[in-house]
Amino acid sequence: MSAPNIAIDLQQINVTFKRNNENLVALDNVSLQVEKGSIYGIIGYSGAGKSTLVRIINLLQRPDAGSVNILGQDLLSLRDKELRGVRKKIGMIFQHFNLLRSRTVLNNVAYPLLNQKMSRTKRHAKALALLKLVGLAEYAQAYPDELSGGQKQRVAIARALANDPDVLISDEATSALDPQTTEDILQLLKQLNESLGLTIVLITHEMQVIKSICQNVAVMENGQIIEQGSVGELFTNPKKALTQKFVESAANVTEMRQQISDDQLIEKLQRNERLLYLRFSSEVTSEAVISALAIKYGVSASILFANVQKVAQLSLGYMLIVLTASNEHFETILHYLISVGVIVTDFTTGEERVYAS
Ligand SMILES: Nc1ncnc2c1ncn2[C@@H]1O[C@H](COP(=O)(O)OP(=O)(O)OP(=O)(O)O)[C@@H](O)[C@H]1O
Ligand SMILES: [Mg+2]
């Protein structure tokens, strides 16, 4: 039994596929707990096992080993009929919407209700109410082909809500959309999470999506969850290289790193110049760091790149500077920076050296 506040409790899940007589481990001892009413993000590159993992949640994929407890029920012990009941409580939306082209928007939303004992009038009323909820009531009689991508996704969301699910799974549901439409859909999901108390599991390969609406996040690589925690924790203190890469991509630091090599910045450094990458959270600001270096240590630093990203009520700062200081002086400055909570990466030698408290 899992705790009553847990909507999804997967323990030690293994899934192996056979391909050309070879075993492919798609999920390797994965455990995941999602609190009721929360928005949980799963991020990873293509092939990491994200879709396989969420297919475990409604047993579209059966695990070779492990336990699957959803909304307080042990799914692996259920009979088909009971399983169908639980599945209704889990809505899903996908990248490619999967709408029925020959049916109106209203009938697409009403579709999952067809096998229920419900009058046509009631079914249509419910579908219309759902379309209102996603802001598309006036498109009820339109056909999917007449809608934009964002509107199609709204219809798909309304359809996923037809059976009043407790859990909504979104598998790359925004990856075919432009950034503004993505943000609109994410805000809609957040609003549904808040107004309906819906638990949402959201798969993505973009950290921006996680940053925008998730409270917790799991990073997947090669069939494993390599790191998980609150979004705030993961952004402030990413432990694994891949997590750091995702975090940096959300602050355009990835481009900055590329620029360092494109512009041959390391090769161009003068004697006593150092190329430093500074990372810091809320208590510190770029201005404070630069002015402290000038006032306390009499050194000037030129800023090549600076950015701040706000996530989970935190401000995270990223700065690339060229600092002119002798070796000894640099040691003192380094100590100071670390003591105020700055994480310093020294690029000067060509290999990255990280200094942190
Ligand atoms: N039904 C299947 N039969 C065989 N192999 C499969 C099957 N489903 C998935 N795989 C393999 O399992 C691995 C994980 O696939 P999965 O679809 O879970 O990745 P993903 O993280 O969702 O990737 P993407 O971001 O591209 O959607 C991949 O190597 C994939 O080829
Ligand atoms: Mg996938």
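Helices here are DSSP runs of H or I with at least four residues, strands are E runs of at least two, and both are numbered from the N terminus. Hi everyone, with that in hand, let's look around ligand 1.

First, some housekeeping. This is a predicted model, where local features need pLDDT of at least 70, side-chain atom pairs count only at pLDDT 80 or more, and totals for chains, interfaces and linings use all residues. Residues are numbered from 1 along each chain as its sequence is written, chains are lettered from A and ligands numbered from 1 in the order in which they are written, and side-chain values use heavy atoms, leaving out hydrogens and water.

So, which element gives the largest share of the shell around ligand 1? That is α1, with three residues. In total, 13 residues surround the ligand, each with a heavy atom within 4 Å of it. Among the closest are Ser46 and Lys50.

Now the polar contacts, meaning pairs of N or O atoms within 3.5 Å. A polar side-chain atom of Thr52 sits 2.5 Å from an oxygen atom of ligand 1. Arg19 also uses its side chain, with an N or O atom 2.8 Å from a ligand oxygen. Gly47 uses a backbone N or O atom instead, 2.8 Å from an oxygen of ligand 1.

Finally, please find helix α5, residues 149-160.

Notes:
Polar contact = N/O pair within 3.5 Å; in protein donor to acceptor, adjacent residues only side chain to side chain. Expected span 1.5 Å × (residues − 1).
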